[in-house]
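Colleague: I am new to this one. Could you walk me through it and tell me how each term is decided?

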Amino acid sequence: MSVASSHPSSGLRGWLLADAPGTAFQARCQRAYLAWLVFRGNPIAMAGFIIIASLVLMALFAPWITGGNGLTQILSDRLLPPSGAHWLGTDQLGRDIFDRIVWGSRITLYIVGLVAVLVVPIGLAIGIVAGYSGGWIDQVLMRITDIFLAFPRLILALAFVAALGPGIENAVLAIALTTWSPYARISRAEALTIRNSEFILAARTQGASSFRILRSHVVPLCLSSVIVRLTLDMAGIILTAAGLGFLGLGAQPPSPEWGAMISTGRQYILDQWWVPTIPGLAILIVSLGFNLLGDGLRDVLDPKGGG
Amino acid sequence: MSEAPLLEVEDLHVTFHTPKGPVEAVRGVSFILGREKLGIVGESGSGKSQTGRAILGLMDRRAVVRAKTLRFAGTDLLTADAATMRRIRGAGISMILQDPKYSLNPVMSVGRQIAEAFLVHHKTTRQEARRRTLEILEAVRIRDPERVYRAYPHELSGGMGQRVMIAMMMIPEPEIIIADEPTSALDVTVSLQVLAILDDMVTRRGTGLILISHDLTLVASYCDRVLIMYAGRIMESCAADQLTNAEHPYTRGLLNCLPKIDEESESLPTLVRDPSWAADEVVDGGPAG
Amino acid sequence: MIEIERLNVVFGHRASLVHAVDDVSFRVDRGESFGLVGESGSGKSTVLRAIAGLVDDWTGGIAVAGEAQGKRRTLKFRREVQMVFQDPYGALHPRHTVDHILKEPLRIHDLDPSDERVVRTLEEVGLDESFRFRFPHQLSGGQRQRIAVARALIMEPSVLLLDEPTSALDVSIQAEVLNLLSRFRRERDLTFILVSHNLAVVSHMCERLAVMRQGKIVESLEIEQLRRHRPNHAYTQQLFQAAQGYSRDFVASIADDL
């Protein structure tokens, strides 16, 4: 086969498209860049990406965007409709809803991030050990996974709160405990597939310990599926956290958590619709964003597409 | 040979559009096929498989096929509409691939698949289709047709699977068979047996056969004529028994670097690729006199 | 150097027992190149894997350099005995760079994972520095197989187990890889066990060979015997004939195994 033409390459783009990377760093950047090009070609995925990127930026730059901290009460400005002064109106305590949404994005990201940090390592570790070892280790670990899979999320959260008291961290713990099981399943399935690959056999003939094989060989190949699953799960996690917030079990007032905002604002829905509706819309948009992003990531990271 | 050729290919080009730019897999291939066994030999990347698929219009979405002439028994394949191509595929030109497992439906018994294929092309009863299927299975030298009829594709060995594929292909009685590495995944003895069945079809039914392979020894001993491809072009075209007198340095290089049982040597001669081969002129492949 | 005594490997459970290796015995001297030839299902690859310690259930005796091997292989064994696999793509981890792949054995055995050593090894297999940070999917089949050979040799083993090392490669690349292997064998006085279905490859690379069929060794012979067309066993003769190419008479005479 012969390449009939080649793109002019210079500068950063040239560095990213060069045939022979000179360092490990350059090689990884190249792979990421090519994956990005594929991702960029998918408009729906880009929509999801923009939404989530906006969320992250909003959370990062909250102090500069709002100029306050979303907690200032001006009681004389209670329940004002959206206007030039207050873009999304004010709530029942005169707090600017736009400010609270922006600050609430930090809480949303905090919850989602904390759950991810707990769930992914546990699920991965249990799954790959089960899949790679097989035998009774596999059986025991999978039965444990099944047990946790059986817990209903909200009810466990209620139990936790009853035992430990309300708060974001307890809510996160409850959500994490009921979310990790599918990740173990996914990782186990991947590990089972990979277990007899020739590169694993080659690693064994080199004398690699099982730990090294799992860490260096199995985990990188499981990550794609896990990341896609995580992104798609985010919407559910956000909704659960919002639900807990709504029940008063998550973030406590005056914290601008979106679910709690819906809860405290719901009595105003008929006359001052914006008070509960805006936070609801925020939850909707962010959940949608994660779903679209997850779909896009799946296209990029799918092995058939070359990830 | 005064009969009209079955297949005429002139100046065939196949181009793929990739994110990094267009890539030409086939660059100006021309040949004629009569009622004979034609071998197309090449290494990976030579464009031999793409040539076979381009004839049948089975290309990837990203590929563009152009040619001066691409004619099958008088029908122009370049301008044929979808309905005509569907009729030609299977009944006119048929294809066997390397791994039968990918071509057979894994959840249907083998016999049923063949019988269904039969019913597509001949309007008869199910019992008649079954009877004919068993006949065909015998014709491809399967000793226990009843058992194979009931078997599923994953229960068959490689050689058996290929025979089943050939059986399925025989039903519409095609004029041309394109076999793309049909025996690469099979043991040598089984390969030879499968090729013998195809040989029968050529001699008894006058089918034309294009055998695409990387195995030079096999093709040289089996086919009537051989085309050697490299970098999308035909480097050499000759009668199979003349292959040892080949002239092109690529062919000679390939022949030389094969290890031979009777020869003892410290190291094998290696192929030195002359860059001008990738830019050589097209060699026409016509039937030997 | 290597002594195999009545090796037996059985796969599967009661209902579907497969006797993959049936009472196989042979020995290979230091510095010798020994071939195992057979068709699919003959058990030749399983023998190799049993020697490499990749098979869980086997009975019999496997001794390397005088030391009898048990269920597990020691790290020292792993340094002395290395393996090259058939599928060049499958044998390299798709997410590891060449540099990582070559440094891994050094890290496992607590040797210095120096860049110089990697570059030197790459040069020895005929690849230059620019290949260091490529991923397997950016390499051709021949290049991948060279990396596999480099990986096997970077720790300077004394025995190489080769499982159809060139079967997936083009003929011209096969010649280059076989030459590479021969050169290493000469320079480092390596012992080879080469498994292949290709008689021509085996006769080029090996001094002695054993022919396997359905788990058993059918015949052991010297290459000279093979070259002068004097194998004794009918099966070996059949394999030899098949390697010559297509012939209608020969096909008619093949012992049918349908």
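Modeller: In this predicted model, the centres of domain 1 and domain 2 of chain B, taken over C-alpha atoms, are 28 Å apart. Domain 1 covers 1-92 + 175-185 + 200-289, and domain 2 covers 96-171; such bounds come from an automatic or database domain assignment.

Colleague: What makes up the contact between domain 1 of chain B and domain 2 of chain B?

Modeller: Each gives residues to the contact: 9 from domain 1 of chain B and 9 from domain 2 of chain B. Two residues are in contact if their C-beta atoms, placed from the backbone, lie within 7 Å. On the domain 1 side, strand β8 (residues 176-180) of chain B gives the largest share, 3 residues. That side divides into 6 nonpolar, 1 polar and 2 charged residues. Here Ala, Val, Leu, Ile, Met, Phe, Trp, Tyr, Cys and Pro count as nonpolar, Asp, Glu, Lys and Arg as charged, and the others, Gly among them, as polar.

Colleague: Why is chain B called as compact as a globular protein of its length?

Modeller: Its radius of gyration is 20 Å, close to the 19 Å that the globule rule gives for 289 residues, so chain B is as compact as a globular protein of that length. The radius is taken over C-alpha atoms, and the rule is 2.2 Å times the number of residues to the power 0.38. Buried residues make up 45% of the 289 residues in chain B; buried means that 20 or more other C-beta atoms, placed from the backbone, lie within 10 Å of a residue's own, while 12 or fewer means exposed and in between partly exposed.

Colleague: How do you know that the buried residues of α9(C) line one face of the helix?

Modeller: The buried residues of α9(C) are C:T236, C:L239 and C:A242. Seen down the helix axis, they fall within an arc of 125°, so they line one face of α9(C).

Colleague: What covers the buried residues of α9(C)?

Modeller: Their cover includes α8 (188-205) of chain B, and also β3 (33-38), α7, β9 (208-213) and β10 (216-222) of chain C.

Colleague: How are the labels and confidence limits set?

Modeller: Residues are numbered from 1 along each chain as its sequence is written, and chains are lettered from A and ligands numbered from 1 in the order in which they are written. Local features need pLDDT of at least 70 and side-chain atom pairs count only at pLDDT 80 or more, while totals for chains, interfaces and linings use all residues.

How values were computed. Helices (H or I, at least four residues) and strands (E, at least two) are DSSP runs, numbered from the N terminus. The arc is that of the directions from the helix axis to the C-beta atoms.
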